[in-house]
Every structure is written in structure tokens, then in C-alpha cells.
Amino acid sequence: MVYVVLEMNVSCIPRKHGVYALVIELSRNVELNIGKLGRHGLLKGVYVYIGSARSRGGLFVRVKRHLRKLKTLRWHIDYLTVLSECNIRAVIYAITDDVEAESTISRILYRHPYFKPTIKRFGSSDKRDYTHLYRCIKDLDICINSLLQVFSKANMTPGICYATDLLTGVKEE
């Protein structure tokens with residue numbers, strides 16, 4: 001059974017500037033060819049991508065774009081989110097104007113025992129961080145709860161939207 005997303009509801013995401021974590025589940029191993037970063041493999045499992053949204057429309061516009069499967073490949077994360085094997089299971093966010101918030105979260109994840117850095121410079125080519133894509137070695141619920149704690153540890157108040165909040169219309173094929 002395959003489900004096709006007809007409509008996405010991102011009303012749970014604020015139209016403010018901030019930092020976010022996409023909680024991604026890959027349904028199988030994938031190979032990516034990511035422009036200058038080259039070819040990389042990712043194993044089936046749970047991943048977290050850290051990003052920021054400081055342009056017009058803020059978090060709402062950025063997350064809405066990430067949820068779309070059809071888009072121009074602009075950012076590293078686009079090469080992953082367009083894949084049918086890639087499912088965004090939750091979005092954790094914090095409203096902030098701190099331009100270092102993205103790096104703060106990434107540095108905490110880099111040292112966290114449940115999160116393992118993946119592709120060097122992924123999502124962080126404009127930063128000094130190793131990567132903004134991490135593999136979580138625990139199950140989905142533990143990953144989400146750990147991320148909420150990471151945001152709190154960074155002195156940010158996290159909000160969360162689960163996939164069920166983001167997807168309002170599906171069609172069975």
C-alpha cells in the first residue's frame with residue numbers, strides 16, 4: 001500500500017525566524033549525489049537535519065518547502081527530502097533571532113551519544129560546523145525526546161509538530 005500526500009498542513013509551524021530540526025526516517029538505504037559534496041550513502045534509519053529560517057515567512061515557509069517532494073535542488077537537504085524513501089516524521093523548532101542557534105544545536109548533537117555526524121559539510125558549508133545532518137542510533141521516540149532536551153539545553157523553548165499534524169490529506173494507491 002502506497003500513500004500519496006495531497007495536502008500538507010504546516011499551520012502548526014510559526015511564521016517567525018528561528019531554528020529547526022527535521023526528524024527524518026529513511027525507509028531503506030539510499031545513495032545521494034550532492035553537488036560539490038559528491039556521492040554519499042545513508043543507511044535506513046532515523047536522521048536529524050538542523051536548519052535555520054531567517055527570511056520572510058520564517059519557519060513556516062522553510063518547513064513547507066522541505067515537505068514538498070517536487071522542488072528545485074537548492075540546498076543539500078533537498079537532495080534527501082525529494083526521495084520517496086525520505087519521510088519527515090516531526091519538526092522541532094524554536095523561535096529565535098540568534099544567528100548562531102543552528103550551530104549551537106549542531107555542536108550539542110555532535111557531542112551527544114545518540115547522534116552520529118554523517119556527511120561532512122552537509123548543510124553547513126556556510127558555517128564552521130562539521131555537519132548539520134546526524135544519524136540517530138536510537139528509535140524514533142527516543143530521538144525526538146532527546147532533541148527536545150537538546151533545544152532546552154541550548155536555552156531555547158522547543159515547539160514540535162508531528163507528521164500527523166503536517167499531513168492532512170492522503171490518497172491510497
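Biologist: Why does Cys 86 count as buried?

Modeller: Happy to explain, with the reminder that this is a predicted model. Cys 86 has a relative accessibility of 2%, and buried means under 20%, so Cys 86 counts as buried.

Biologist: What makes Pro 14 buried or exposed?

Modeller: The relative accessible area of Pro 14 is 18%. The cut-off for buried is under 20%, therefore Pro 14 is called buried. Pro 14 sits in the loop between strand 1 (3-8) and strand 2. Leaving aside neighbours within four places in sequence, Pro 14 is in contact with Gly 57, Leu 59, Phe 60, Tyr 93 and Ile 95. The C-alpha atoms of Pro 14 and Gly 159 are separated by 9.5 Å, and these residues are 145 apart along the chain.

Biologist: Then why is Cys 12 called partly exposed?

Modeller: Cys 12 has 25% relative accessibility. Buried is under 20% and exposed is over 50%, with partly exposed in between, so Cys 12 counts as partly exposed. Cys 161, by contrast, has a relative accessible area of 0% and is buried.

Biologist: How do you know that a disulfide joins Cys 12 to Cys 161?

Modeller: Their S to S distance is 2.2 Å, and a disulfide requires sulfur atoms within 2.5 Å, so the pair qualifies. The two cysteines come from distant parts of the chain, 149 residues apart: Cys 12 in the loop between strand 1 and strand 2, and Cys 161 in strand 9 (residues 159-162).

Biologist: How many disulfides does the structure hold?

Modeller: There are 2. A disulfide also joins Cys 136 to Cys 143, with S to S at 1.9 Å. Both Cys 136 and Cys 143 are buried. With the bonded cysteines numbered in sequence order, the pairing is 1-4, 2-3.

Biologist: Why is the disulfide of Cys 136 and Cys 143 called left-handed?

Modeller: The torsion about its S-S bond is about -100°, so this disulfide is left-handed.

Biologist: Which residues have the most contacts inside the largest nonpolar core?

Modeller: That core has 27 residues, and those with the most contacts inside it are Ile 13, Leu 22, Ile 24, Leu 42, Tyr 49, Leu 80 and Leu 133. Elements giving two or more residues to this core include strand 2 (18-26), strand 5 (45-53) and helix 1 (58-67). Apart from this core lies another, of 24 residues, among them Val 23, Val 46, Leu 109 and Leu 147.

Biologist: And what do the buried residues of helix 3 pack against?

Modeller: They pack against strand 2, strand 5, strand 7 (115-117), strand 8 (133-136) and helix 4 (140-153). Among the buried residues of helix 3 are Ile 105, Ile 108 and Leu 109.

Note on methods. Residues are numbered from 1 along each chain as its sequence is written. This is a predicted model: local features need pLDDT of at least 70, side-chain atom pairs count only at pLDDT 80 or more; totals for chains, interfaces and linings use all residues. Side-chain values use heavy atoms; hydrogens and water are left out. A nonpolar core is a set of buried Ala, Val, Leu, Ile, Met, Phe, Trp, Tyr and Cys residues joined through side-chain atoms within 4.5 Å. Buried means under 20% relative accessible area, exposed over 50%, partly exposed in between (1.4 Å probe, protein chains only). Helices (H or I, at least four residues) and strands (E, at least two) are DSSP runs, numbered from the N terminus. Contact means heavy atoms within 4.5 Å.
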